[in-house]
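Take a look at the model below. We will walk through it step by step, starting with charged pairs.

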Amino acid sequence: MKAVSIKEPGGPEVLEWTEVEDPSPAPGEVVVDVVASALNRADVMQRMGRYPLRPGWSPYPGLEVSGRVAVLGEGVTGWRVGDEVCALLSGGGYAQKVAVPAGQLLPVPKGIGLAEAAGLPEVTATVWSNLVMTAGLAAGETLLVHGGLGGVGSTAIQVAKALGARVVTTVGGPEKVARARELGADVAIDHRAEDFTGHGPYDVILDVVGGDYLERNVRSLALDGRLVVIGLQNGLDGTLDLSDLVFKRLSVYGTTLRTRSEEQKAAVVAEVRDKVWPMIENGSVRLLVEDRMPMSEAAEAHRRMETGGHTGKILLIND
């Protein structure tokens, strides 16, 4: 089969579409013939050498796919060869085939195309596990989402609204303010022109930025507020006022989905199937797709993602 390999840490040019060994399923896994994968920020970090791989992870990027079940490993039940699925991965999605733990498979939601479904597993699992399973977002609370027109941000806005929360989001540029409001955000802030702290306090903040946002995030939280940091686009260093943390009874979480165990991921996937898939099928949550590009052009897709001008997901399609 072919997969996108990383020659060495570096820019998009280090990605190569090349012949590699076919995967075989371990007990409890299936092999999926990949129809499509989707780009995520973690793929860029891996390509640049900033996301160390754990033993057993695929060396190829790609945290989600859609396709058809090709081979069932020993002990797998509930799935058949030929089933159309999408899947959450620890890597390896930029390929023609991938081995996946059966607990991380999802059916394609009704009304969603097979290729489009490739963009669902990572964002829905990230949003649900962090907003609900970690932060406990509830109806009537106020959520701040940074980066509201990215894959995670746009999904977070819609899921939170479906749960009955009030949603504030930050975006980059006045044209994106209108787009975020169309998605359901109650307030959309152009972070280049206005400070988000003026629209608080917030019960929950979902932060993909990190770095110097930490101090302002914490200052903006309400009593018993929860900050969940899932991205580090602004770097690793931030300032924390412990008096805010103590006297407002705040909780600060740093999480990543990729490093969780198979059992933990299976638990998240089960909740996504039960809670989020109905939102997608009834139209409350929809996936924003920016573009579809050939898998063999992954390098160009990475260049496009790093310009920062896209909204929603970029899909990589196998011929």
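A salt bridge is a side-chain nitrogen of Lys or Arg within 4 Å of a carboxyl oxygen of Asp or Glu. This is a predicted model. Glu 215 and Arg 219 meet in such a bridge, with 2.9 Å from N to O. Both sit in helix α5 (residues 213–220), 4 residues apart, so about one helical turn separates them. Glu 215 is partly exposed, at 29% relative accessibility. Arg 219 is partly exposed too, at 41%.

The structure holds 14 salt bridges. Another one joins Arg 226 to Glu 141, again with the closest N and O atoms 2.9 Å apart. Arg 226 lies in strand β12 (residues 221–229), and Glu 141 lies in the loop between α2 (121–134) and β8 (142–146), so this pair ties together parts that are 85 residues apart in sequence. Both residues of the pair, Arg 226 and Glu 141, are buried.

Now turn to the nonpolar side chains. The largest nonpolar core has 48 residues. Helix α7 gives the largest share of this core, 7 residues. Leu 131, Leu 137, Leu 143, Val 272 and Trp 277 have the most contacts inside the core. Among the residues that Trp 277 touches are Cys 86, Leu 106, Leu 120 and Val 272. Another core, of 27 residues, lies apart from it; Val 4 and Tyr 94 are among its members.

Technical notes:
Residues are numbered from 1 along each chain as its sequence is written. This is a predicted model: local features need pLDDT of at least 70, side-chain atom pairs count only at pLDDT 80 or more; totals for chains, interfaces and linings use all residues. Side-chain values use heavy atoms; hydrogens and water are left out. A nonpolar core is a set of buried Ala, Val, Leu, Ile, Met, Phe, Trp, Tyr and Cys residues joined through side-chain atoms within 4.5 Å. Buried means under 20% relative accessible area, exposed over 50%, partly exposed in between (1.4 Å probe, protein chains only). Helices (H or I, at least four residues) and strands (E, at least two) are DSSP runs, numbered from the N terminus. Contact means heavy atoms within 4.5 Å. Lists of a residue's contacts leave out its neighbours within four places in sequence.
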